[in-house]
Amino acid sequence: MKRVSPTKPKFQEDWHSKFKWLQKDSETDLLWCIYCRSDRHCKSSFGKTGAKNFKTSALEEHARSVAHQDAILLQERDKNGLEKCASKKKASVDVAIEKLFKCAYFIAKEDLAFRKLESLLRLLRECGVEGLPRMYNDNKACASFILHISKALEAEIYDRLRKSPWFGLMVDEATDVSVTKNLILYATFVEGRQVRTSYLGLLEVEDGTSNTITESILALLKKWNLDVRKMMGFGSDGAFVMVGMFTRVAEIM
Ligand SMILES: [Zn+2]
């Protein structure tokens, strides 16, 4: 009688979905458990040497084993620890950046040179302030911080201006080394029962003619969605700018 040799158990494709931890090394033809393999103390063949037992029962047995359960728990704990660590790190970076922004704001408010950021930070460190980053301490970083702050403040001030029933504008020429001209803009408006005057920002114009200045200001009002009909006053040191503005606003109205 011919003896039927038992077929060698083979890797079954549905094992992948049934045993999520299972990995097959196609070169060595060994079975590994991803959890147990990363556990240095694991004594199971699935973690230490690679298993040769291609039987569903062996896989089930491994899944039930205490060592396997422990390896999963260990990895979960490490993962959570890492995430906690990462979120802690992010929080400390946020705080550090906030401190830098505050320093840059102080520099701008006190009209100091941007390069003073570095010495200000040094002073704070000497006074025991912790969590100040060593990066972004130079004048370029300071300028960039101030630009971000001014953009945020700009949006805020125009928002307040829009809520006012009327407003007035004042324009002054700023001296600059560049060819283009900069105008300093101020606004007067009502907030609650108070009349307020606030600096709006700098407006770059190509030249100092009445027409260019007038059109630039009107474009700015349009950009911020301000109704020119609510503009009750306009002040400028150049009479010709006043005339130009008066004519154009009268035209619009
Ligand atoms: Zn395992």
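Colleague: What pLDDT does the chain average?

Modeller: This is a predicted model, in which local features need pLDDT of at least 70, side-chain atom pairs count only at pLDDT 80 or more, and totals for chains, interfaces and linings use all residues. Residues are numbered from 1 along each chain as its sequence is written. pLDDT is the predictor's confidence in each residue, from 0 to 100. At least 70 is scored by 93% of the residues, and the chain averages 85.

Colleague: Which element of the chain has the lowest mean pLDDT?

Modeller: Helices (H or I, at least four residues) and strands (E, at least two) are DSSP runs, numbered from the N terminus. The highest mean, 94, belongs to helix α6 (residues 116-126). The lowest, 74, belongs to helix α9 (residues 239-252).

Colleague: Is the chain spread out or compact?

Modeller: The chain has nine helices and six strands. Its radius of gyration is 35 Å, whereas the globule rule gives 18 Å for 253 residues. The radius is taken over C-alpha atoms, and the rule is 2.2 Å times the number of residues to the power 0.38.

Colleague: Is aspartate 29 buried or exposed?

Modeller: Aspartate 29 sits in the loop between β1 (22-25) and β2 (30-33). A residue is buried if 20 or more other C-beta atoms, placed from the backbone, lie within 10 Å of its own, exposed if 12 or fewer, and partly exposed in between. Aspartate 29 has 11 C-beta neighbours inside 10 Å, so this residue counts as exposed.
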